[in-house]
Amino acid sequence: MSSTNAPETATSRPLTASPGTEPGTASEAGVARKPRVAVVFGGRSGEHTISCATAAGVLSAIDRDRFDVLPVGITLDGQWLLVDDDPAALALDESRPPVEITAEGLGRGELAMRLGGGAFTAVTPTGPKVLGEVDVVLPLLHGPYGEDGTIQGMLEMLDIPYVGCGVLASAAGMDKQVTKVLLNAAGIPTAQHVVVHPHRWDSERELILDACEALTYPLFVKPARAGSSLGITKVERREDLPAAIEAAREVDPKVLVESGVEGREVEVAVLDGHHGAAPRVAEPGEIVMDASHGAGEFYDYETKYLAHDAVQMVCPARVSHQESELLKETAARAFEALGGEGLMRVDFFLTPRGEAVVNEVNTMPGFTPFSMYPYMWQVSGLSYTDLVSELIELALERPRSVNR
(Lines give C-alpha, C1' and ligand atoms only; values in the text may rest on other atoms or scores of the structure.)
Protein backbone atom coordinates (compact mmCIF):
# COMPACT_ATOMS: atom_id res chain seq x y z
CA MET A 1 0.00 0.00 0.00
CA SER A 2 1.63 3.23 -1.11
CA SER A 3 1.26 6.39 0.93
CA THR A 4 0.79 8.27 -2.33
CA ASN A 5 -2.52 6.58 -3.06
CA ALA A 6 -5.60 8.76 -2.70
CA PRO A 7 -7.56 7.78 0.43
CA GLU A 8 -10.77 5.85 0.00
CA THR A 9 -13.81 7.47 1.59
CA ALA A 10 -15.52 5.32 4.21
CA THR A 11 -19.29 5.28 3.81
CA SER A 12 -20.64 7.93 6.16
CA ARG A 13 -23.91 9.66 6.79
CA PRO A 14 -25.08 12.71 8.73
CA LEU A 15 -25.91 12.08 12.36
CA THR A 16 -29.60 11.37 12.77
CA ALA A 17 -31.83 10.26 15.59
CA SER A 18 -31.58 6.55 16.40
CA PRO A 19 -34.70 4.47 15.94
CA GLY A 20 -36.33 2.39 18.66
CA THR A 21 -36.49 2.86 22.39
CA GLU A 22 -35.06 6.15 23.63
CA PRO A 23 -31.90 5.71 25.72
CA GLY A 24 -32.51 5.87 29.42
CA THR A 25 -35.95 4.29 29.23
CA ALA A 26 -37.31 0.76 29.48
CA SER A 27 -38.52 -1.10 26.44
CA GLU A 28 -42.21 -1.75 25.84
CA ALA A 29 -41.75 -5.20 27.40
CA GLY A 30 -40.43 -3.58 30.57
CA VAL A 31 -36.85 -4.76 30.01
CA ALA A 32 -34.09 -2.22 30.61
CA ARG A 33 -32.27 -1.10 27.49
CA LYS A 34 -28.81 -2.37 26.61
CA PRO A 35 -25.84 -0.15 27.48
CA ARG A 36 -25.04 2.10 24.54
CA VAL A 37 -21.43 2.17 23.35
CA ALA A 38 -20.07 4.91 21.08
CA VAL A 39 -17.19 3.34 19.14
CA VAL A 40 -15.01 6.30 18.15
CA PHE A 41 -12.26 5.94 15.55
CA GLY A 42 -10.35 7.68 12.77
CA GLY A 43 -8.97 10.87 14.25
CA ARG A 44 -6.46 13.54 13.38
CA SER A 45 -3.20 11.61 13.72
CA GLY A 46 -1.06 9.82 11.15
CA GLU A 47 -2.53 6.56 12.47
CA HIS A 48 -6.01 7.41 11.14
CA THR A 49 -6.06 4.39 8.82
CA ILE A 50 -4.85 2.02 11.56
CA SER A 51 -7.59 3.33 13.86
CA CYS A 52 -10.19 2.54 11.18
CA ALA A 53 -8.77 -0.98 10.86
CA THR A 54 -8.96 -1.42 14.64
CA ALA A 55 -12.59 -0.27 14.54
CA ALA A 56 -13.31 -2.82 11.81
CA GLY A 57 -12.15 -5.58 14.12
CA VAL A 58 -14.03 -4.32 17.17
CA LEU A 59 -17.28 -3.66 15.29
CA SER A 60 -17.11 -7.22 14.00
CA ALA A 61 -16.51 -8.63 17.47
CA ILE A 62 -18.65 -6.60 19.85
CA ASP A 63 -21.53 -8.51 21.41
CA ARG A 64 -24.66 -6.99 19.85
CA ASP A 65 -26.87 -8.97 22.22
CA ARG A 66 -25.34 -7.10 25.16
CA PHE A 67 -24.57 -3.67 23.76
CA ASP A 68 -26.16 -1.08 21.50
CA VAL A 69 -23.46 0.30 19.18
CA LEU A 70 -23.08 3.82 17.81
CA PRO A 71 -20.12 4.02 15.34
CA VAL A 72 -18.61 7.53 15.25
CA GLY A 73 -15.79 8.51 12.90
CA ILE A 74 -13.53 11.54 13.33
CA THR A 75 -12.16 13.09 10.16
CA LEU A 76 -8.56 14.22 9.76
CA ASP A 77 -9.72 17.81 10.29
CA GLY A 78 -11.59 16.92 13.49
CA GLN A 79 -15.23 16.64 12.38
CA TRP A 80 -17.30 13.97 14.13
CA LEU A 81 -19.60 11.88 11.93
CA LEU A 82 -21.83 8.89 12.41
CA VAL A 83 -20.39 6.13 10.19
CA ASP A 84 -22.30 3.20 8.74
CA ASP A 85 -21.94 0.05 10.83
CA ASP A 86 -19.95 -1.74 8.12
CA PRO A 87 -16.66 -3.23 9.40
CA ALA A 88 -15.60 -4.43 5.94
CA ALA A 89 -15.52 -0.85 4.66
CA LEU A 90 -13.01 0.10 7.38
CA ALA A 91 -10.61 -2.85 7.21
CA LEU A 92 -7.11 -2.61 5.78
CA ASP A 93 -7.06 -4.03 2.26
CA GLU A 94 -3.97 -4.07 0.03
CA SER A 95 -6.18 -4.02 -3.07
CA ARG A 96 -7.53 -0.51 -2.40
CA PRO A 97 -6.32 2.88 -1.16
CA PRO A 98 -6.15 3.63 2.58
CA VAL A 99 -9.51 4.26 4.22
CA GLU A 100 -10.19 7.79 5.43
CA ILE A 101 -13.29 9.06 7.22
CA THR A 102 -14.68 12.05 5.31
CA ALA A 103 -17.92 14.02 5.12
CA GLU A 104 -17.65 14.59 1.37
CA GLY A 105 -21.06 14.75 -0.26
CA LEU A 106 -22.92 14.25 3.00
CA GLY A 107 -23.71 17.81 4.03
CA ARG A 108 -22.71 19.31 7.36
CA GLY A 109 -23.45 17.39 10.51
CA GLU A 110 -21.41 17.77 13.66
CA LEU A 111 -21.76 16.00 16.98
CA ALA A 112 -22.58 17.94 20.13
CA MET A 113 -22.22 16.41 23.60
CA ARG A 114 -23.90 17.83 26.68
CA LEU A 115 -21.79 18.34 29.78
CA GLY A 116 -22.67 16.00 32.63
CA GLY A 117 -25.00 13.56 30.97
CA GLY A 118 -23.52 11.83 27.97
CA ALA A 119 -26.29 12.96 25.62
CA PHE A 120 -25.25 13.15 21.96
CA THR A 121 -26.92 15.52 19.53
CA ALA A 122 -26.33 16.00 15.81
CA VAL A 123 -26.26 19.58 14.59
CA THR A 124 -27.48 19.51 10.98
CA PRO A 125 -28.74 22.13 8.48
CA THR A 126 -32.30 21.15 9.37
CA GLY A 127 -31.72 21.60 13.08
CA PRO A 128 -30.56 19.49 16.00
CA LYS A 129 -31.40 15.78 16.06
CA VAL A 130 -31.16 14.01 19.39
CA LEU A 131 -29.15 10.80 19.33
CA GLY A 132 -29.75 10.20 23.01
CA GLU A 133 -27.55 9.16 25.88
CA VAL A 134 -24.31 7.24 25.45
CA ASP A 135 -23.29 5.11 28.42
CA VAL A 136 -19.64 4.59 27.50
CA VAL A 137 -17.20 5.62 24.78
CA LEU A 138 -14.76 3.12 23.29
CA PRO A 139 -12.04 5.43 21.88
CA LEU A 140 -10.17 3.37 19.29
CA LEU A 141 -7.88 6.26 18.44
CA HIS A 142 -4.17 5.73 18.00
CA GLY A 143 -1.50 8.38 18.35
CA PRO A 144 -1.93 12.11 19.03
CA TYR A 145 -5.41 13.56 19.55
CA GLY A 146 -6.71 10.28 20.90
CA GLU A 147 -4.28 7.99 22.65
CA ASP A 148 -2.39 10.81 24.34
CA GLY A 149 -4.93 11.92 26.96
CA THR A 150 -6.68 14.52 24.81
CA ILE A 151 -9.96 12.72 24.14
CA GLN A 152 -9.77 11.23 27.63
CA GLY A 153 -9.67 14.75 29.09
CA MET A 154 -12.61 15.81 26.92
CA LEU A 155 -14.67 12.83 28.07
CA GLU A 156 -13.77 13.54 31.71
CA MET A 157 -15.04 17.11 31.23
CA LEU A 158 -18.25 15.75 29.72
CA ASP A 159 -18.60 13.15 32.50
CA ILE A 160 -18.87 10.28 30.02
CA PRO A 161 -17.29 6.92 30.97
CA TYR A 162 -14.70 5.58 28.53
CA VAL A 163 -12.61 2.50 27.93
CA GLY A 164 -8.92 2.51 28.72
CA CYS A 165 -6.35 4.55 30.59
CA GLY A 166 -7.11 7.94 32.09
CA VAL A 167 -5.62 11.29 31.16
CA LEU A 168 -2.27 10.98 32.95
CA ALA A 169 -1.49 7.38 32.00
CA SER A 170 -2.53 8.00 28.40
CA ALA A 171 -0.33 11.09 28.10
CA ALA A 172 2.62 9.45 29.85
CA GLY A 173 2.31 6.26 27.83
CA MET A 174 2.23 8.20 24.57
CA ASP A 175 5.48 10.05 25.32
CA LYS A 176 8.33 7.54 25.13
CA GLN A 177 10.65 9.72 27.21
CA VAL A 178 8.13 10.20 30.03
CA THR A 179 7.40 6.47 29.95
CA LYS A 180 11.08 5.76 30.50
CA VAL A 181 11.31 8.23 33.39
CA LEU A 182 8.37 6.63 35.21
CA LEU A 183 9.46 3.06 34.53
CA ASN A 184 13.05 3.72 35.55
CA ALA A 185 11.81 5.32 38.78
CA ALA A 186 10.00 2.04 39.48
CA GLY A 187 13.18 0.06 38.85
CA ILE A 188 12.10 -1.22 35.43
CA PRO A 189 14.89 -1.19 32.83
CA THR A 190 14.53 0.52 29.44
CA ALA A 191 16.95 1.17 26.56
CA GLN A 192 19.48 3.97 26.99
CA HIS A 193 18.55 7.04 25.00
CA VAL A 194 19.17 10.65 24.06
CA VAL A 195 16.29 13.13 23.81
CA VAL A 196 16.36 15.54 20.87
CA HIS A 197 14.29 18.60 21.81
CA PRO A 198 13.36 20.96 18.96
CA HIS A 199 15.31 23.96 20.27
CA ARG A 200 18.41 21.88 20.99
CA TRP A 201 18.47 20.32 17.54
CA ASP A 202 18.48 23.79 16.01
CA SER A 203 21.24 25.17 18.23
CA GLU A 204 23.28 22.22 19.56
CA ARG A 205 23.26 19.70 16.74
CA GLU A 206 26.86 18.53 17.09
CA LEU A 207 26.54 18.16 20.86
CA ILE A 208 23.50 15.94 20.35
CA LEU A 209 25.32 13.82 17.78
CA ASP A 210 28.26 13.50 20.17
CA ALA A 211 25.90 12.35 22.94
CA CYS A 212 24.45 9.73 20.62
CA GLU A 213 27.94 8.31 20.11
CA ALA A 214 27.83 7.11 23.73
CA LEU A 215 24.91 4.84 22.82
CA THR A 216 25.19 1.36 21.32
CA TYR A 217 24.81 0.95 17.57
CA PRO A 218 22.61 0.21 15.76
CA LEU A 219 20.58 3.17 16.97
CA PHE A 220 16.83 3.56 16.57
CA VAL A 221 15.56 7.07 15.94
CA LYS A 222 11.91 7.53 16.92
CA PRO A 223 9.30 10.26 17.20
CA ALA A 224 8.71 10.63 20.95
CA ARG A 225 4.92 10.70 20.62
CA ALA A 226 3.78 8.41 17.82
CA GLY A 227 2.89 4.78 17.32
CA SER A 228 2.54 2.09 14.64
CA SER A 229 6.29 2.45 14.00
CA LEU A 230 5.72 5.70 12.10
CA GLY A 231 8.88 7.73 11.50
CA ILE A 232 11.32 5.17 12.93
CA THR A 233 14.72 4.65 11.32
CA LYS A 234 17.47 2.16 12.12
CA VAL A 235 20.88 3.86 11.97
CA GLU A 236 24.25 2.11 11.71
CA ARG A 237 26.60 5.14 11.53
CA ARG A 238 26.83 8.72 12.75
CA GLU A 239 26.60 10.32 9.31
CA ASP A 240 23.10 8.89 8.84
CA LEU A 241 21.78 10.29 12.13
CA PRO A 242 20.80 13.81 10.98
CA ALA A 243 18.58 12.52 8.18
CA ALA A 244 16.94 9.99 10.51
CA ILE A 245 16.29 12.68 13.12
CA GLU A 246 14.79 14.97 10.49
CA ALA A 247 12.51 12.12 9.32
CA ALA A 248 11.31 11.54 12.89
CA ARG A 249 10.78 15.29 13.37
CA GLU A 250 8.29 15.25 10.50
CA VAL A 251 6.07 13.12 12.76
CA ASP A 252 6.89 14.77 16.11
CA PRO A 253 9.29 17.66 16.87
CA LYS A 254 10.49 15.77 19.95
CA VAL A 255 12.68 12.78 19.04
CA LEU A 256 14.36 9.91 20.88
CA VAL A 257 17.57 8.21 19.79
CA GLU A 258 17.85 4.81 21.48
CA SER A 259 20.56 2.22 21.84
CA GLY A 260 19.91 -0.98 20.02
CA VAL A 261 19.11 -3.77 22.49
CA GLU A 262 20.10 -7.30 21.61
CA GLY A 263 17.15 -9.52 22.30
CA ARG A 264 13.92 -11.08 21.16
CA GLU A 265 10.81 -8.91 20.78
CA VAL A 266 8.20 -10.18 23.24
CA GLU A 267 4.89 -8.52 24.07
CA VAL A 268 2.62 -8.88 27.10
CA ALA A 269 -1.06 -7.95 27.29
CA VAL A 270 -2.34 -6.45 30.55
CA LEU A 271 -6.03 -6.18 31.44
CA ASP A 272 -7.23 -4.34 34.53
CA GLY A 273 -8.84 -6.22 37.40
CA HIS A 274 -12.46 -5.68 38.40
CA HIS A 275 -13.31 -3.43 41.36
CA GLY A 276 -9.72 -2.60 42.28
CA ALA A 277 -8.30 -6.11 41.92
CA ALA A 278 -4.77 -6.61 40.62
CA PRO A 279 -4.26 -6.38 36.85
CA ARG A 280 -4.48 -9.58 34.83
CA VAL A 281 -1.69 -10.60 32.46
CA ALA A 282 -1.93 -12.85 29.42
CA GLU A 283 0.67 -15.33 28.23
CA PRO A 284 3.54 -13.48 26.50
CA GLY A 285 3.65 -13.47 22.72
CA GLU A 286 6.62 -13.14 20.40
CA ILE A 287 6.94 -11.43 17.03
CA VAL A 288 8.88 -13.66 14.61
CA MET A 289 9.75 -12.06 11.26
CA ASP A 290 10.67 -13.78 8.01
CA ALA A 291 12.74 -11.60 5.67
CA SER A 292 12.12 -14.01 2.78
CA HIS A 293 8.43 -12.99 2.88
CA GLY A 294 8.99 -9.24 2.96
CA ALA A 295 9.79 -8.47 6.61
CA GLY A 296 11.84 -5.33 7.16
CA GLU A 297 15.02 -5.00 9.22
CA PHE A 298 12.83 -4.37 12.27
CA TYR A 299 9.12 -4.43 13.11
CA ASP A 300 8.28 -1.38 10.99
CA TYR A 301 4.95 -0.09 9.65
CA GLU A 302 4.99 -2.14 6.44
CA THR A 303 5.89 -5.34 8.29
CA LYS A 304 3.22 -4.75 10.94
CA TYR A 305 0.27 -4.00 8.72
CA LEU A 306 0.99 -5.00 5.13
CA ALA A 307 3.43 -7.92 4.92
CA HIS A 308 1.13 -10.38 6.67
CA ASP A 309 3.05 -13.47 5.49
CA ALA A 310 6.29 -12.02 6.85
CA VAL A 311 5.21 -12.00 10.49
CA GLN A 312 4.31 -14.88 12.75
CA MET A 313 2.75 -14.27 16.17
CA VAL A 314 3.96 -17.01 18.48
CA CYS A 315 1.92 -17.31 21.67
CA PRO A 316 2.80 -18.51 24.20
CA ALA A 317 6.27 -17.22 23.42
CA ARG A 318 9.01 -19.85 23.37
CA VAL A 319 10.56 -18.76 26.64
CA SER A 320 11.35 -20.55 29.86
CA HIS A 321 8.90 -20.57 32.75
CA GLN A 322 11.22 -18.26 34.69
CA GLU A 323 11.43 -15.81 31.77
CA SER A 324 7.65 -15.90 31.27
CA GLU A 325 7.03 -15.09 34.91
CA LEU A 326 9.55 -12.24 34.79
CA LEU A 327 7.88 -10.76 31.70
CA LYS A 328 4.39 -11.00 33.20
CA GLU A 329 5.45 -9.60 36.56
CA THR A 330 7.31 -6.69 34.93
CA ALA A 331 4.35 -5.94 32.64
CA ALA A 332 2.01 -5.71 35.63
CA ARG A 333 4.51 -3.45 37.42
CA ALA A 334 4.76 -1.21 34.36
CA PHE A 335 0.95 -0.96 34.19
CA GLU A 336 0.81 0.15 37.81
CA ALA A 337 3.85 2.47 37.53
CA LEU A 338 2.07 4.41 34.78
CA GLY A 339 -1.28 4.39 36.61
CA GLY A 340 -2.84 2.19 33.94
CA GLU A 341 -6.56 1.50 33.70
CA GLY A 342 -8.46 -0.81 31.39
CA LEU A 343 -5.73 -2.17 29.14
CA MET A 344 -2.10 -1.85 28.12
CA ARG A 345 0.34 -3.75 25.96
CA VAL A 346 3.92 -3.78 27.23
CA ASP A 347 6.61 -4.49 24.63
CA PHE A 348 9.92 -6.00 25.74
CA PHE A 349 13.33 -6.99 24.54
CA LEU A 350 14.21 -10.28 26.22
CA THR A 351 18.01 -10.24 26.25
CA PRO A 352 20.27 -13.31 25.99
CA ARG A 353 20.98 -12.81 29.71
CA GLY A 354 17.30 -13.19 30.51
CA GLU A 355 16.72 -9.50 31.28
CA ALA A 356 13.29 -8.01 30.43
CA VAL A 357 13.93 -4.52 28.99
CA VAL A 358 10.81 -2.50 28.23
CA ASN A 359 10.84 -1.11 24.70
CA GLU A 360 7.57 0.85 24.99
CA VAL A 361 3.99 0.65 26.21
CA ASN A 362 0.78 1.04 24.25
CA THR A 363 -2.31 2.26 26.10
CA MET A 364 -4.62 1.58 23.13
CA PRO A 365 -3.07 -1.36 21.30
CA GLY A 366 -4.37 -2.39 17.91
CA PHE A 367 -7.43 -4.63 17.63
CA THR A 368 -7.06 -5.49 13.97
CA PRO A 369 -7.69 -9.15 13.12
CA PHE A 370 -3.90 -9.68 13.08
CA SER A 371 -3.06 -7.69 16.23
CA MET A 372 -1.12 -9.28 19.05
CA TYR A 373 -3.11 -7.90 22.00
CA PRO A 374 -6.41 -9.75 21.36
CA TYR A 375 -4.50 -12.80 20.13
CA MET A 376 -2.58 -13.12 23.41
CA TRP A 377 -5.84 -13.02 25.32
CA GLN A 378 -7.44 -15.54 22.98
CA VAL A 379 -4.57 -17.96 23.65
CA SER A 380 -4.99 -17.25 27.38
CA GLY A 381 -8.67 -18.24 27.21
CA LEU A 382 -10.50 -14.94 26.62
CA SER A 383 -12.16 -14.63 23.22
CA TYR A 384 -12.11 -11.48 21.11
CA THR A 385 -15.78 -10.77 21.82
CA ASP A 386 -15.44 -11.44 25.55
CA LEU A 387 -12.34 -9.21 25.69
CA VAL A 388 -14.27 -6.29 24.21
CA SER A 389 -17.10 -6.93 26.69
CA GLU A 390 -14.60 -6.99 29.57
CA LEU A 391 -13.19 -3.63 28.56
CA ILE A 392 -16.63 -2.05 28.34
CA GLU A 393 -17.62 -3.48 31.73
CA LEU A 394 -14.41 -2.19 33.31
CA ALA A 395 -15.19 1.29 31.98
CA LEU A 396 -18.76 1.19 33.27
CA GLU A 397 -17.70 0.17 36.78
CA ARG A 398 -14.81 2.66 37.04
CA PRO A 399 -15.41 5.17 39.88
CA ARG A 400 -16.34 8.58 38.56
CA SER A 401 -15.35 11.67 40.51
CA VAL A 402 -14.48 15.27 39.79
CA ASN A 403 -11.33 14.66 41.83
CA ARG A 404 -9.89 11.90 39.56
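Over the ring of which residue does the charged end of Arg 398 sit? The ring belongs to Tyr 162, and the charged end of Arg 398 sits 4.9 Å from its centre. Arg 44 does likewise with the ring of Tyr 145, at 4.1 Å from the centre. A charge sits over a ring here if NZ of Lys or CZ of Arg is within 6 Å of the ring centre and within 35 degrees of the ring normal.

Before going on, some ground rules. This is a predicted model, where local features need pLDDT of at least 70, side-chain atom pairs count only at pLDDT 80 or more, and totals for chains, interfaces and linings use all residues. Residues are numbered from 1 along each chain as its sequence is written, and side-chain values use heavy atoms, with hydrogens and water left out.

Now for the aromatic rings. Rings of Phe, Tyr and Trp (its six-membered ring) pair if their centres lie within 6.5 Å; planes under 30 degrees apart are stacked, over 60 edge-to-face, and the rest tilted. That rule gives two aromatic pairs:

| Pair | Centres apart | Angle of planes | Kind |
|---|---|---|---|
| Phe 367 and Tyr 373 | 5.7 Å | 55° | tilted |
| Phe 367 and Tyr 384 | 6.2 Å | 20° | stacked |

Phe 367 lies in the loop between strand E20 (356–362) and helix H11 (372–379), while Tyr 384 is in helix H12 (residues 384–397), so their pair ties together parts that are 17 residues apart in sequence. Helices (H or I, at least four residues) and strands (E, at least two) are DSSP runs, numbered from the N terminus. Phe 367, Tyr 373 and Tyr 384 make up one aromatic cluster.

After H11 comes Gly 381, with a positive phi near 105°.

Elsewhere, the axes of helix H4 (residues 167–174) and helix H5 (residues 176–185) come within 5 Å and cross at roughly 110°. H4 and H5 are therefore roughly perpendicular to each other, a label for angles of 65 to 115 degrees (under 35 is roughly parallel, over 145 roughly antiparallel, the rest oblique). In the contact (heavy atoms within 4.5 Å), H4 brings Ala 172, Gly 173 and Met 174, and H5 brings Lys 176, Val 178, Thr 179 and Leu 182.

Notes. Axes fitted to C-alpha atoms, helices over the stretch in contact; angles between N-to-C directions.
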